[in-house]
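Please keep the sequence and the model in view while reading.

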Amino acid sequence: MRNQAAARPGATDTGLGTWRARLAICDGCDDCGPACVDGVPMSRAEYLRLKRYLASLPSADRARVLSQNKRLPWPGAPSITYVACPFRDVELGRCAVYPARPLVCRLFGHVEWLPCPSGKVSSPAASGVRLFQRYSELELKTFPEWEEIDGAPGS
Ligand code: SF4
């Protein structure tokens with residue numbers, strides 16, 4: 001789940017700047033990519049943003065990613081399989097909607113319950129629990145569930 005945000009020096013411990021600095025640790029790293037499993041929950045605002053971003057991708061890229069076989073062997077245990085997130089580009093090993101990914105994807109590696117698998121993030125964010133508690137008060141659904149509510153073509 002690669003990061004593209006820039007670190008901002010002098011940020012406070014609870015502010016957005018700290019999160020930018022934290023997320024910069026992930027820059028170019030895809031070690032938590034196998035955690036990109038199907039069924040990621042998101043708010044309606046996140047769904048709409050992701051949908052817009054998806055629509056902005058070149059149609060060939062979008063079709064290539066969405067048509068990939070997402071059933072994959074579990075790393076280190078190939079006899080076990082899992083279904084990857086529909087937005088994971090399993091050929092290139094990256095998130096195809098990275099700038100529009102939901103909050104849970106952004107928090108990966110930075111909160112106690114989603115630790116960094118390679119130990120690059122030394123400690124969980126102090127504000128992570130509070131942030132997620134507030135987020136959990138929103139209505140959260142998967143992308144297909146929001147599509148069904150929206151009456152999207154093909155749903
Ligand atoms: S939206 Fe992107 S970062 Fe989030 S689970 Fe899917 S592929 Fe991974």
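Over what distance should the 13 residues of helix α2 (residues 44-56) span, and how far apart are its end C-alpha atoms? At 1.5 Å a residue, helix α2 should span 18 Å, and its end C-alpha atoms are 18 Å apart, which agrees. The expected span is 1.5 Å times one less than the number of residues in the helix.

The model is a predicted one, in which local features need pLDDT of at least 70 and side-chain atom pairs count only at pLDDT 80 or more, while totals for chains, interfaces and linings use all residues. Residues are numbered from 1 along each chain as its sequence is written.

**Overall organisation**

- The protein contains six helices and six strands; these are DSSP runs numbered from the N terminus, with helices (H or I) of at least four residues and strands (E) of at least two.
- Read from the N terminus, the order of elements is α-α-α-β-β-β-β-α-β-β-α-α.
- The protein has 155 residues, of which 22% count as buried; a residue is buried if 20 or more other C-beta atoms, placed from the backbone, lie within 10 Å of its own, exposed if 12 or fewer do, and partly exposed in between.
- Among contacts with a separation of 6 or more, 58% join residues 24 or more positions apart; a contact requires C-beta atoms, placed from the backbone, within 7 Å.

- Glu 46, Tyr 47 and Leu 50 are the buried residues of α2.
- Viewed down the axis of α2, these buried residues fall within an arc of 100°, so they line one face of the helix; the arc is taken from the directions from the helix axis to the C-beta atoms.
- An α-helix has 3.6 residues a turn, so residues three or four places apart point the same way.
- Ala 45, Arg 52, Ala 55 and Ser 56 are exposed on the other side of α2.
- The cover over the buried residues of α2 includes α4 (103-107) and α6 (143-150).

**The nonpolar core**

- The largest nonpolar core has 19 residues, and Leu 50, Phe 87 and Val 97 have the most contacts inside it; such a core is a set of buried Ala, Val, Leu, Ile, Met, Phe, Trp, Tyr and Cys residues joined through C-beta atoms within 7 Å.
- At least two residues of this core come from each of α2, α4 and α6.
- Leaving out residues up to four places away in sequence, Leu 50 touches Met 42, Val 97, Ala 100 and Phe 143.

**Surroundings of the ligand**

- Ten residues surround the ligand, and the closest are Cys 36, Cys 85, Arg 88, Cys 95 and Cys 105; a residue is included if its C-beta atom, placed from the backbone, lies within 6 Å.
- The shell comprises eight nonpolar, no polar and two charged residues; Ala, Val, Leu, Ile, Met, Phe, Trp, Tyr, Cys and Pro count as nonpolar, Asp, Glu, Lys and Arg as charged, and the others, Gly among them, as polar.

**Individual residues**

- Leu 107, in helix α4, is buried because 21 other C-beta atoms lie within 10 Å.
- Beyond its neighbours within four places in sequence, Leu 107 contacts Leu 114, Gly 128 and Phe 132.
- Trp 19 lies in helix α1 (residues 16-24), and Trp 19 is buried, with 21 other C-beta atoms within 10 Å.
- Glu 91 sits in the loop between β3 (88-89) and β4 (94-95), and Glu 91 counts as exposed because it has 9 C-beta neighbours inside 10 Å.

Notes
Contact = placed C-beta atoms within 7 Å.
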